Each structure stands twice: as structure tokens, then as C-alpha cells.
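This briefing is meant for a reader who is meeting the structure for the first time. Please look over the sequence and the model shown here before going on to the notes on individual helices.

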Amino acid sequence: MAASFMTSGSLGQRDPAGALIRIALQVGATSVAHIDVAAMLSGVCVALPPAAGVSGAVLMLTDPADPRDPDEQRVFTSDTAADRMARIQRRAGNGPLPAAVRGDRTLATPDLTRHGPPELAAAAADCGLVRSLVVPVPIAGRTAGGLQLLGRADAVLDEQLATPLRPVVTMLAARLADIRELARLELRTTAIPRIPSPRSPEHGVPAPRHRRRQDG
């Protein structure tokens, strides 16, 4: 089941707090049972740009969102331009997003065209997404990824925006923790061997008590 995140925010709005809180509340109310994890996380990325008044959003995780599938995707984006920027950073292991995750700190970058790697600077100039804000995503006491907002030269992307963005990050972290715990419990259940019943065919029918005494 996919999750849909709707917001009444508009690109370039001055106070995104209300729209971001609405997204956070929707994420917090989302049940992780039988949910399409990739669709939920991508839906959050699509909803964030109009809510925050920016042009793109990226969620990058250090581990798969669902540990039951080691090949599960780890990068979720709002659109093709944001996806391009995310793939460059992940492939290079460099850029604001990996740096913020490694340093476990909020990182605002006013001009991506002046920061490496060179491929990222070129893509930023080409897409026009030259401003960046990254907030780390903590799960179970450790940094497990980062949420990046991308904007054009006139976008307000500074650490002040990180404050209304944190409730979204907190709810995302909570849902991801729930998904991983649910997966852990399911994997643990399937790994427990079945103990045959004493009267099952594997053991045969128990001998009568008087026969066992005679044999002894």
C-alpha cells in the first residue's frame, strides 16, 4: 500500500512551518504494516518541495530501508533533477549529503557550483539547483541517512529552515525504526525451527507404558 502526502504549501512561501508540520503528522500516522516502503519515502520527498518552498528533496539512507531485502533502494527523490544530484553524491561519496551524514550535523551549502565533486558542481549549474540544506536522520541512536532539500539561487535554504524540518525527520526516523523492528521480528520468527510433536509421523506412535517397562 502506498502512502500519499498532500500539502497546501506553495513554492517560495515565507513560512513553511505549518505545511511541514502537516507532513510530519501524516508520516507519524502512517502504519508500517503492509506498506510499500519505497512509495512512502518517495511520497514524502515529493511533498516536501512545495511545503518547504524549495525545488527538490532527497532522502539517502546508509542501509536499505527494509532489511528483509538487502537490494532495497537507499535513495529516494522528488524528481529527476534531484535524483541526478543524489546519484552523483552517492557514487562519489562526497558532497553536502554524505558530509552531513558522516559528520552527523546539519549542513547548509549556499552555492553547490563552488563545491566538489566537480560532477556535482556541473550538475548543479545545469539543473539550477545551487542551494542545499541537509539534516541527518537518526535511527536507534545512530545517524542512518540524511534528508536534503535543494533550491535555486533565490531559495531560502539555511539552518533556520532546519528547525521546522526536524519534525518531519523525527517522524521519518520513527517510521524507519518501526519498519526495521518489524522486519527483525519477522526474520526471527521464520528462523525459529519447528519442533515436531511427539505424536507426529517423525516420531511415530509412542509405545504403551507396559511395553516400555518390559523392554527396560
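Predicted model: local features only at pLDDT ≥ 70, side-chain atom pairs only at ≥ 80, totals over all residues.

Helices here are DSSP runs of H or I with at least four residues, and they are numbered from the N terminus.

**R175 in helix α6**
- R175 is found in helix α6, which covers residues 159-191.
- Buried means under 20% relative accessible area, and R175, at 11% relative accessibility, therefore counts as buried.
- A polar atom of the R175 side chain lies 3.1 Å from the backbone oxygen of G28, while the side chains of R175 and D178 make a polar contact at 2.5 Å.
- When neighbours within four places in sequence are left aside, the residues in contact with R175 are V27, G28, T30, V32 and M40.

**Helix α2**
- Helix α2 takes in residues 37-52, and its 16 residues reach 23 Å from the first C-alpha to the last, which is close to the 22 Å expected at 1.5 Å a residue.
- This helix is mostly covered, with 12 of its 16 residues buried; among them are V37, M40, L41, C45, L48 and P49.
- M40, which is buried in α2, is also one of the residues in contact with R175.
- At the N-terminal end, α2 is capped by D36, a side-chain oxygen of which lies 3.2 Å from the backbone nitrogen of A38.
- The residue that follows α2 is G53, and its phi is positive, near 75°.

**The pairing of α3 and α5**
- Two packed helices are described by the angle between their axes and the distance between the axes.
- For α3 and α5 the angle is about 175° and the axes are 10 Å apart, and the two helices are therefore roughly antiparallel to each other.
- On the α3 side, A81, R84, M85, I88, Q89 and R91 take part, and they meet E119, L120, A123, A124, D126 and C127 in α5.
- Sorted by class, this contact of α3 with α5 has 7 nonpolar, 1 polar and 4 charged residues.

**Helix α4 and what covers it**
- In helix α4, which runs over residues 96-103, the buried residues are P96, L97, P98, A100 and V101.
- The elements that cover these buried residues include the helices α3 (80-92) and α5 (118-127), together with the strands β1 (56-61), β3 (107-109), β4 (131-139) and β5 (142-151).
- Just after α4 comes D104, which takes a positive phi of about 50°.

Notes: Residues numbered from 1 in each chain as written. Heavy atoms only, no water. Buried < 20%, exposed > 50% of the residue type's maximum accessible area, 1.4 Å probe, protein only. Contact = heavy atoms within 4.5 Å. Expected span 1.5 Å × (residues − 1). Polar contact = N/O pair within 3.5 Å; in protein donor to acceptor, adjacent residues only side chain to side chain. Axes fitted to C-alpha atoms, helices over the stretch in contact; angles between N-to-C directions. Parallel < 35°, antiparallel > 145°, perpendicular 65-115°, else oblique. Nonpolar A, V, L, I, M, F, W, Y, C, P; charged D, E, K, R; others polar.
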